Amino acid sequence: MNINLPDGYKIESLPPPLSISNLFGKYDISYNVVGAKINMTRTYERNSGRFPAINYKEFVAFTNAIYKADNARMVFVKEE
């Protein structure tokens, strides 16, 4: 996904990149700033199968981390 910065604005903060790989799948998200464009790269691969109930807490942590990363916010400020 490409995001164009509005004229007269600059980036104050971007979410940190995140990479997770475990029994349930892989998730990566990163941001690259090129001029007035932000290139966001996100990949998600979910492993199929049946998993033991003992891994449920790890599964919840995995899905919560993905949710948090997907809903992270970028902050733009107006240049003076």
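The model is predicted, so local features need pLDDT of at least 70 and side-chain atom pairs count only at pLDDT 80 or more, while totals for chains, interfaces and linings use all residues. Residues are numbered from 1 along each chain as its sequence is written, and side-chain values use heavy atoms, with hydrogens and water left out.

Strands here are DSSP runs of E with at least two residues, helices are runs of H or I with at least four, and both are numbered from the N terminus; two strands pair if DSSP finds at least two bridges between them. On to E4 and E5: these run antiparallel and are joined by 10 bridges, with Gly-25 opposite Arg-46 in E5. E4 and E5 make a hairpin with 2 residues between them, and Gly-35 in the turn has a positive phi of about 60°. E3 pairs with E4 in the antiparallel sense over 5 bridges, and Leu-18 has Ile-29 in E4 as its bridge partner.

Put together, 4 strands form an open antiparallel sheet in the order E1-E5-E4-E3. E1 and E3 are the edge strands, each pairing on one side only. From one strand to the next, the twist averages 15°. Helix H1 packs on this sheet, touching E3, E4 and E5, and its direction makes about 20° with that of E4. Such angles run from 0 to 180 degrees between N-to-C directions, using axes fitted to C-alpha atoms (for helices, over the stretch in contact).

What about the interior? The largest nonpolar core has 12 residues, including Ile-3, Ile-38, Phe-24 and Ile-66. Such a core is a set of buried Ala, Val, Leu, Ile, Met, Phe, Trp, Tyr and Cys residues joined through side-chain atoms within 4.5 Å. Strand E4 (25-34), strand E5 (37-46) and helix H1 (56-70) each give two or more residues to this core.

The aromatic rings deserve a look too, with 5 pairs in the whole structure. Phe-24 and Phe-59 are edge-to-face, 5.2 Å centre to centre with 65° between the planes. Rings of Phe, Tyr and Trp (its six-membered ring) pair if their centres lie within 6.5 Å; planes under 30 degrees apart are stacked, over 60 edge-to-face and the rest tilted. Phe-24 is buried at 4% relative accessibility, whereas Phe-59 is partly exposed at 33%. Buried means under 20% relative accessible area, exposed over 50% and partly exposed in between (1.4 Å probe, protein chains only).

Conventions
Contact means heavy atoms within 4.5 Å.
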